[in-house]
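Here are my notes on this model, as numbered points.

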Amino acid sequence: MTTGRTLPDRPAAAGAALASLAIGLLAIGGGCAAPPPPAAPEVQAVWRDTIPEGPEEAAWQAIPKYTADLIPQDLVEPRLLKPSTPRLAVQAATDGTRVAFRLAWDDATQDERPGAARFTDACAIQLPQRTAPDLPDPQMGQAGRPVEITFWRATWQAAVAGRDDTIRSLYPGAVVDHYPFEAPPLQPGSEAQQAFATRYAPAAALGARREGPRDRPVEDLIGEGPGTLRPADKLLSEGTGRRTAKGWEVLIVRPLPNGLAPGGRSQIAFGVWDGAQAEAGARKMRSGWVPMSIEARGTQAGIAPRAAAGAQGGGR
Amino acid sequence: MARVFNWQIGREMSYWYPEARPKKQFAAIFDTNKCIACQTCTLACKTTWTSGRGQEYMLWNNVETKPYGFYPLGWDVRLMEKLGAQRWDGSRYEGRTLFEAAEAGERVLGWRPEEIDYAHPNVGEDDCTKTIDKGAHYHGFHEAWFYYLARICNHCTYPACLSSCPRASIYKRPEDGIVLIDQGRCRGYQECIKACPYKKTFFNPMTGTSEKCIACYPKIEQGLQPQCFVNCIGKIRMAGFISTPDQARPDNPIDYLVHIRKVALPLYPQLGLEPNVYYIPPRHVPRPYLAQMFGPGVDQAIAACNKSADDPDLSALLALFGSTEWVMPRWKRVGDTVMGLREDGRELVRVPVREPVWILKALDQARGVSRMNIT
């Protein structure tokens, strides 16, 4: 005799049969693509011996996807009062020393040209500099409790892709009579010519090259609260982004944070800027802290099956 | 927001930062009645500072023809429209400043020019407010009018650009009040461009930072006036340092013209920035228009200017404009001569209050030749 409410029994045999069918379908292989992994309840950096090198790689198809809901930054002026990008799809992989984040979001317009009243599409990831249970403020960290931010922007991606460092690359109809730093007797590319040109680009002279030629579309930053952003001592992150029919797919690869080893846990936050909405700096869509796990090699329990092609290592 | 005192509007107002006046405040006076819009100032600045990539469209100094000239397009009327009608009560401004009128989520009431708004400086500007009939000429009062407004950064006491920057990349130098953008710190968010009502910060697309007039601070540090001042062929400009009204010194040329004689007025003082370029207003322009642009002191300023020929000190000081490259912290008139002086009283320059006039007869009898009136 039983008391109280009980769940209906599920015949053990039926469950076993379903499990066999699922394994059988997976085993057919070849032309049958694996089902997408289930949505992740947090950011899960799964183990891969070799992490994918681009956001388009098929390997990402087997990596769980976390959807980060974004809210307008409306805590400090200037605020973003009109919501834009509502969500961001996040996937992550680690090889034990680095961690790669694939960020994808919808964006109807491709904003990658700098100019007056023009703003770039961009995204960023943020991690606490020190992995500990008590987190700094999710909004750019706080004094004495810094956060590490890696920032990708579309204008830089265009520069990496080879856009010329000329005004005509931005304004094809522009006509320039004369730049004093390109006039004879200065030899093009000479040290003297470069030094002279730097006089007319004071930001570049100070090492703050916000636009122009670059070999990476990302930068590493340290924040200790709103308005405190500063470059990190070294640029350690890499990244690449690509435009799709729906929006952007961006891969950011950075070293594992200090104190965070495979098998550990931390938190991460995200930001997205829509250039078409004049979003820049504090005017952005952001997330709060999101739990993040870093998988250790050989402990890949719970990870969805890999796609048939492209996935590397870390077998179940 | 902090509460600060703005003497140009005669009251306290709200500002993002507490009042912190510099030891000295760079200031300038432009006499609009002398300007011929030759743009020599514009080119002097252009060739000195903005010949780089990404600076092609920038005019840190520009001269525009009012009422229909703008750079960028509609810079003042668009903001006036956004701010709406406001009210002065005598010399006290009872309306809202840009800081007090800021919309939710903003530090300053502003607007952002588009690229196209910078594309046509001075094109089609020199049109009068009505068609001039054939044979019409000046006979004492213009029904149709225009005038030239030369503009640089106002190096405001309460800069909107500075208050709008979320990174505090813009700062006001304590030694001379010149407002600068730290090119190493700016991240090109363009908040300052939206906030500055005078639209005197500019985004450089090649460096990704915003840039602005620097008041030629390397020259100021040597006691010299900026390039746009010393190259002005109309001699309409004088650079110096201004005191607050309670500290005004009659022997300081800027103080004398602004505070004591009150002939030079700030540009759109009602916006609340306490701008530090002062204008001797054009004498032929309708007063309501001038009152909107230069505040309630217009009538008094023009009345004083109209009598300047009979006013030895005023005409003497106006004669010092464009007389030397040196900044003249002090001045002194002795009879028909006026002198610009260093702070310690040493003489920098000496000019006659009135240049002598020589009238040559058309026929030079000694040489047996006739002269055209231009020779």
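1. Chain A meets chain B through 41 residues of chain A and 36 residues of chain B. Bear in mind that this is a predicted model.

2. How much area is buried between chain A and chain B? The figure is about 3,300 Å². Carbon and sulfur atoms give 54% of that area.

3. The charged pairing between the chains comes next. There are 6 salt bridges between chain A and chain B. In one salt bridge, the side chain of R283(A) meets that of E191(B), at 2.7 Å from N to O. Polar contacts across the interface of chain A and chain B come to 17 residue pairs, with both residues at pLDDT 80 or more.

4. Which elements of chain A give two or more residues to the side that touches chain B? They are helix 3 (167-170), helix 5 (202-205) and strand 8 (218-223). By class, that side of chain A has 24 nonpolar, 11 charged and 6 polar residues.

5. Now the domains within chain A. The assignment gives domain 1 as 39-162 + 217-316, and domain 2 as 166-211. The centres of the two domains, taken over C-alpha atoms, are 34 Å apart.

6. Contact between these domains involves 9 residues of domain 1 of chain A and 4 residues of domain 2 of chain A. Together the two domains bury about 570 Å². Of this, 37% is on carbon and sulfur atoms.

7. Between domain 1 and domain 2 of chain A, the count is 2 salt bridges. E219(A) and R210(A) form a salt bridge, and their closest N and O atoms lie 3.2 Å apart.

8. On the side of domain 1 of chain A that touches domain 2 of chain A, strand 7 (147-153) and helix 2 (154-160) each supply at least two residues. The residues of that side divide into 4 nonpolar, 3 charged and 2 polar.

How values were computed. Residues numbered from 1 in each chain as written. Chains lettered and ligands numbered in written order. Predicted model: local features only at pLDDT ≥ 70, side-chain atom pairs only at ≥ 80, totals over all residues. Heavy atoms only, no water. Domains from an automatic or database assignment. Contact = heavy atoms within 4.5 Å. Buried area = accessible area lost by both parts, 1.4 Å probe. Salt bridge = Lys/Arg side-chain N within 4 Å of Asp/Glu carboxyl O. Helix = DSSP H or I, 4+ residues; strand = E, 2+ residues; numbered from the N terminus. Nonpolar A, V, L, I, M, F, W, Y, C, P; charged D, E, K, R; others polar. Polar contact = N/O pair within 3.5 Å; in protein donor to acceptor, adjacent residues only side chain to side chain.
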